[in-house]
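Hi,

Here is the structure I promised to pass on to you. Have a look at it first, and then read my notes below.

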Amino acid sequence: MTWRFGISALLAITLISTVSATFLSRLLAEQIIRHDAEEVMQFVRSFVAPAVSAGYFDDFSARERHDPLVRPVLERISAMPDVIHVNVYDLQRRVLWSTERSMIGRRLPLNHELDSALEGELESESSLMEDGAYLKPEHLFLLNGPHEFVETYVPILSDSGESVVGVVEIYRRPRALFAMAAELLRGVWLSAAGGGGFLFVVIFWLARRADSLIRAQHEKLVHIETFAAIGEMSAAVAHSIRNPLASIRSSAELGQELEPEGTRAALREIVAHVDRIASWITQMLVYAQPGGVMQVVDAGEVLRRTTAELQRDCERAGIAISVLAPEGLPMAAGDPVALGQVFTTVMCNAIEAMPHGGRLDVSVMAGSHGSRLEVIISDTGVGIAPMHLERLFVPFQTTKKSGLGVGLPLVRRVLERMGGSIRVRSRQGRGTVVCLSLATRKLP
């Protein structure tokens, strides 16, 4: 989804950048050529106006009488740097003077720029704005040279300045002007490309971030719905189990009064386990609820109590258990019942991972800044495969034959509810280390 959006955004930004750069390049070229044409007009008028008379343009037959006055001026203009051709037209569109002698006396075909100049408008054309292959009939003698040129039509005014008497057309190859224009146009395109690229990166980053947030929120909603279903299931299971447990406990108490002492010991163990199961059911109901009573908890005391309850199971499985929970640690913030069930779940998983015995080390210590408590539970069991390690906290995903796959997901949910977190490190055949991080709270 993100990549499809990225491709669409890239195409849209490329189109917008191209259109913008094309428009700006055209506008910039027009302004450069217009400014150049105005300077050429001022230059030409400063030379031609004092030297010509209306008779030079009005009477073609009398043109030779004016040549001694006009020709030096036109030859001086044609000899200027970058000038490659000059034409002078009268009002009848006839060439009065030209650097190309064969054109003198000819009337040119339709020429919109010349028509506009004869009406008093300054006109200019350039290969910067036109196709380089575009040539007029009067351009034929330019075919052997480069097509980079500027063509300027300068209206020549009468002595009174009220009317146009002729037009001077100048072809130039201003290399400095074209170099400057090329540099500016290159800057426009580079700016458009850089701006478009930066905009694409920003938009794509925002899209990726939004997609990540949406996915995270979706997963969170799925987990909430899953845990809500777990809570309902827990209530139903608890209701179904409590009644048979009550009957089993009553029968065991009655057997204690009637049977010999050896049987009474076994029945006492049945009663203890029934009480333990009943306690777990109560804890599970609290554990699966969306809320909880946050209070000050002695995590070390909860940890010692939990390990004491599991001591007998460790002895039966041949597991050596060690507990390091020093006094004077900061108090944790949380729900003591839920926290006890968290410790029980993690340690029971560790015991199940050592079917042939091993070592279970449990410790609690203060964090480096005193704002956290770190509970470390490590075992020497079979470890967890990398492919299963990635899905430890996905509900109903388990490798146990009799497990439901809700233990560790519930552990993480409860810890997050209390401002804590869980990290798991494991190597297959090398055991597992679970680090539970708890937020601390000062005593009131």
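The side chains of R34 and E38 meet in a salt bridge, with N and O 3.7 Å apart. (A salt bridge here is a side-chain nitrogen of Lys or Arg within 4 Å of a carboxyl oxygen of Asp or Glu.) Both residues sit in helix α1 (residues 2-51), four residues apart, which is about one turn of the helix. Helices (H or I, at least four residues) and strands (E, at least two) are DSSP runs, numbered from the N terminus. R34 is partly exposed, at a relative accessible area of 38%, and E38 is partly exposed too, at 33%. For those labels, buried means under 20% relative accessible area, exposed means over 50%, and partly exposed is in between (1.4 Å probe, protein chains only).

Before you go further: this is a predicted model, where local features need pLDDT of at least 70 and side-chain atom pairs count only at pLDDT 80 or more, while totals for chains, interfaces and linings use all residues. Residues are numbered from 1 along each chain as its sequence is written, and side-chain values use heavy atoms, with hydrogens and water left out.

Back to the salt bridges: the structure holds 13 of them. Another one joins D82 and R175, whose closest N and O atoms are 3.9 Å apart. D82 lies in the loop between α3 (63-78) and β1 (83-89) and R175 in helix α5 (residues 175-258), so this pair ties together parts that are 93 residues apart in sequence. D82 counts as partly exposed at 32% relative accessibility, whereas R175 counts as exposed at 62%.

Then there is helix α7 (residues 299-316), where R304 and E301 are three residues apart, about one turn of the helix. Their side chains form a salt bridge at 3.3 Å, N to O. R304 is partly exposed at 24% relative accessibility, and so is E301 at 36%.

Now for the aromatics. A search of the whole structure finds one aromatic pair. The rings of F200 and F204 have their centres 5.8 Å apart and their planes at 25°, so the pair is stacked. (Rings of Phe, Tyr and Trp, using its six-membered ring, pair if their centres lie within 6.5 Å; planes under 30 degrees apart count as stacked, over 60 as edge-to-face and the rest as tilted.) F200 and F204 are four residues apart in helix α5, so about one helical turn separates them. F204 is buried, with a relative accessible area of 15%.

Helix α8 (residues 336-352) is worth a look too. At 1.5 Å a residue, its 17 residues should span 24 Å, and its end C-alpha atoms are 24 Å apart, which agrees. (The expected span is 1.5 Å times one less than the number of residues.) α8 is mostly covered, with 12 of its 17 residues buried; among them are L339, F343 and I351.

Last one: T432, in strand β12 (residues 431-439). T432 is buried, at a relative accessible area of 8%. T432 and I377 are 55 residues apart in sequence, yet 8.3 Å apart in space, C-alpha to C-alpha. The side chains of T432 and S426 are joined by a polar contact of 2.9 Å. (A polar contact is a pair of N or O atoms within 3.5 Å; within protein, one must be able to donate a hydrogen and the other to accept it, and residues adjacent in sequence count only if both atoms are side-chain atoms.)

Cheers
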